Amino acid sequence: MSADVKHVPIVLIDMAGFSRLRSLPEQRAILTRLDAMLNAVLKQFTGRLNPRHAFEWQSTGDGYFITLTGCSSPVAMRFAVDLEQALLAEKSRNYPLRLRVGLVLGDVEEVGLHRLSPAKTEITRLVDHEWSRALLAKRAAQPQVLLASTLFWEDWQNHPEKDDPALAVAERPWVWLAFPIKHGEVLPGYLQADEESIEQIQQRAQQESVQPALPKMDLRPWLQRLLDQTEYLEIRGISSGGGRGREAGRYSIETLYTPLRSRGEGKKIGKRGELSGREEERVALSSLLPRHARLLIEGQPGAGKTTFLRLVAAMLCRDLLGVRCENGRSWRNHILGVTDEVPRIPLFLRLSALAAMLKEERTPYPEDDSRRLLDLLEKQARPEDLAAWRQHWQELLHSGRVMLLLDGLDEVADEEIRRRILAIVCHAIREWQECPLLVSSRPFGVEQMHDLGFHHVEIEPFAKEEVQEFLSRWSAALHEAAASRGIGQEHRQKLEQAILERPAIRLLAANPVMLTCLCVVHWNEGDLPEARARVYQAVIRWLLASRKEWREKFHDDFALDAFAKLALHMMSAGQGKKVVVVDLQAGAEAVEPVVARYFANEQSHGERVKLARKWLSFECVGSGIVEETEQGELKFWHLTFQEYLAAFALALLGDEEKEGEDYWPMLKGRLDDPQWRETVELFPGALFDEGRGRRVDRLLQKVLGLLVDNSNLSEKARIAGIIGRLLQPLSAFQYTLSGPLAETWQQLRDRVMAIFKKEGAAKVSIKQRIAAAEALGQGGDLRLAKENFYSNLLDFPGGNGWRLGKYLVTVMEYQEFVEQGGYQEGQWWDDTGWNLRMRERWHSPEEWEQQLLHPTWPVTRISWFEAMAYCRWLSVQKGLTISLPEETLWSKAAGARIYPWGDMEPTPELANYNSNVKSPTPVGLYPDGNGLYGHCDLAGNVWEWQRNLWAGSHPLDTLLKQQIKGNDMLSLRGGSWCLGAGWLGSAYRLRFLARDRNGNVGFRVAATAAST
């Protein structure tokens, strides 16, 4: 035992009647009185010191433990007696407090705020034991039972201060006894009671222990029912349009199951839930089963946690029932990689069902322990011989013959019920130590389990390979007949094209449930809607419909309207700024007007808010469209949901053609707000669906109406950018401008975009060009629109298949990487970069809030590792191999000239350098300074990270190695806004630490086909 182990007296206050009280005020009064009583009694032993600074008491079940660290045995005994007197005095006030197990001395290892204590385990076993209940019943007038371990008894009897009048306790009869506890174990110690009472209790316990053996149970019918429940996946159809008239059906689970992966060997949970360590390799989740007896599986909603547990249950059931596996191996070995000679019996329990059972109970047990799980099993199985059934399962569990599969540790909205469930799970872990245990949870509610020996893994989002495998399985399942296999291949190709070639949709497909939804929509429609707004609408409606039977009176129309109201509220909830999390009460208040419209029978505001809270709590574990955070707040499962639903809510509002509150006052000031970018871009599609082209025409007229006769070029650029962003998504709706509106737009666009061409730039000063480009960037620079990404990759001689980005990577482009979780997902980072990110707590580039004010500036203040992480992420989004350019590649793009534009000496019209502007500028503002092949800002603006290490003074001395370290020197090219003309030459180079971040260092990307 470690040096931290101490002999610590422990006192337990029993509150056996506490949980039976139905009045919350009464419960609060008891707890308040108990706290005051403990402070008063303990104060005698601490003098002026606050008792809470000297001692600690904590609740467990229906009892309070007080650990008296540092106290001698006489002091502990004196405290027990004083506490008994205080409790007896409370009897006249009808408080159900009594000292049941008054004193135990055991081995207590102190670890942070936790105690690993055999003594506490013994107390737990004794609290609800038959002998203690019988003894207390006989001692109703003085309900004290003092139990002392042999170790404590000897310590007390031999203590030199035992007879000190200030500390000693009057002698009372003590009897040595081996107390019977659970599972045939005994606890030796001394009990303060008369021998006759103890003898009677022992005799009765001995008589009751002699019982006839219970018959063994045949579990085959139960296993068959479990197999029926787990071996098929039900894929519901979606009515999002005309459809093809076929509903997706039932498929064997291994047919559609695409192996889930985690990052390496998982992560350790620190004492406060922090992560430590990281492995780069992605491994199949099933490969961890043979290696870890306790596995905590964490994942976002829809990540596949439940499906994996169902897969494990189904494969074990098949083996136990003798279902033949085609390849001659066992199912557990073939699918799961488990090599146990005898399959364990799967006990698959939904903890949400346990929560419902606990809510229904009126008289809960004195403790929440493992018996609750057996109660749930009984309730679901309804066996004929209850006693035999329970006894049989207890034997199986204690012998380690069972694999426990507990699904949804977090899927309980009620905080008190959630706390009780955690206590039950923790007790089951201690009680059935030989049983393998898999627990699933979303990314919160797991920190309490860090002392319980769990191996903790987080399910990784689907990479491109997993998406492709799922689509292959899906297509094969829907076209399983041999005659249809050719059609299935064609279907799979169309699916890949519809999902993988559209970055916004590809992002949704990283989640298995979302990917399933996209496949169902595609099946019904024959394709995915071209418009993003319609895709999001279909996804949300499918998520709502898939849980319709759980929603009770909260039907789909109410849910959609309420979600829209909540989303719009969150877009301006933070002092006029967008928030992504909101307090549950604030969310309920935002939804209250929708409740008032749908539930007129709810008379008071308070009743409506309460109903809204109930609905929101359900949706967190029902549809999953919103989820609860670790801090008990609400957020939308996917930020895109919030942004689309806010746009949908705006479209429901009125304008000149539609009665109701006008959307324009809310939208007018946010058209170029970066935080509203996605909502503004989704709004035209939602508006079109609510009123066709007429309402879109009105919107564009309102925006153009912001221009006045004396509007300068910057204001014209801002409005042009906004109009361009609004028009871009409307192409999927076959909407086109016509008449005077189209003419006005064409004239405005031509005037503004000319600043990026040589002829136009020559007519406007650089100062005016900067102001116009800044305004255009706030609204939406068409040059940098997502659909132009591929055309902005420019070829050049000697590139060998590689193309170089026309523009430096901008803040607005990098912002998407940040907001899509690029700093939270380890798959985009190499090992050194991830460890740096964790240690330095990088969540975005330095001074990110300031950079966001300039969307079309090159992104800066990022390390080489961040630039490479962005490239890996972008590779997946675009279906290309994307990286930083090697230095020799950059040199070829710059050309064999003194400067990228030629041999002319630098001027302020050719480049941003020598602090002429005193900051970076929007990309592409110096068309006269473009490179030979059209690349912008190759000289000036910001230095550019290169792929390779610095290797001397010559760029051809390129040195690559597998793993770049933080202290490695990497090459930079191109000069910057704050350095002189001498650094702008095509051949000039600079070196920089890979880990460093600087305000004049950015990057551009190089790309080639994905197979390169």
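Two strands pair if DSSP finds at least two bridges between them. Helices (H or I, at least four residues) and strands (E, at least two) are DSSP runs, numbered from the N terminus. The model is predicted: local features need pLDDT of at least 70, side-chain atom pairs count only at pLDDT 80 or more, and totals for chains, interfaces and linings use all residues. Residues are numbered from 1 along each chain as its sequence is written, and side-chain values use heavy atoms, with hydrogens and water left out.

**Parallel sheet**

In E17, Asp407 is the bridge partner of Arg350. The pairing of E16 with strand E17 (residues 402-407) is parallel and extends over 6 bridges. Both strands belong to an open sheet of 5 strands with parallel pairing, in the order E16-E17-E18-E15-E19. Strand E16 (345-350) and strand E19 (455-458) each have a single partner strand, so one side of each has no neighbour in the sheet. On average, neighbouring strands of this sheet are turned by 15° against each other, direction ignored.

**Mixed sheet**

Another open sheet has 4 strands in the order E28-E27-E26-E29, with mixed pairing. Its edge strands, strand E28 (989-993) and strand E29 (1001-1002), each pair on one side only. Strand E27 (residues 969-973) and E28 run antiparallel and are joined by 5 bridges. Leu972 stands opposite Leu990 in E28.

Contact means heavy atoms within 4.5 Å. Axes are lines fitted to C-alpha atoms, for helices over the stretch in contact, and angles run from 0 to 180 degrees between N-to-C directions.

| Helix | Strands crossed | Angle |

**Burial and cores**

Buried means under 20% relative accessible area, exposed over 50%, and partly exposed in between (1.4 Å probe, protein chains only). Of the 1012 residues of the protein, 56% count as buried. A nonpolar core is a set of buried Ala, Val, Leu, Ile, Met, Phe, Trp, Tyr and Cys residues joined through side-chain atoms within 4.5 Å. The largest such core has 192 residues, and Trp222, Phe308, Trp393, Leu438 and Phe636 have the most contacts inside it. H26 gives the largest share of this core, 11 residues. Apart from this core lies another, of 42 residues, with Val811, Trp848, Leu970 and Leu972 among them. Not counting residues up to four places away in sequence, Trp222 touches Ile345, Pro346, Leu347, Leu377, Ala381, Trp389 and Trp393.

**Two loop residues**

Asp369 is in the loop between helix H12 (351-360) and helix H13 (371-381). Asp369 counts as buried because its relative accessibility is 2%. Its side chain makes a polar contact with the side chain of Arg371 (2.9 Å). A polar contact is a pair of N or O atoms within 3.5 Å; within protein, one must be able to donate a hydrogen and the other to accept it, and residues adjacent in sequence count only if both atoms are side-chain atoms.

Leu706 lies in the loop between helix H26 (677-704) and helix H27 (713-727). With a relative accessible area of 23%, Leu706 is partly exposed. Leu706 touches residues including Trp664, Leu671 and Ile719, not counting those up to four places away in sequence. Leu706 and Ile719 are 13 residues apart in sequence, and their C-alpha atoms are 7.8 Å apart in space.
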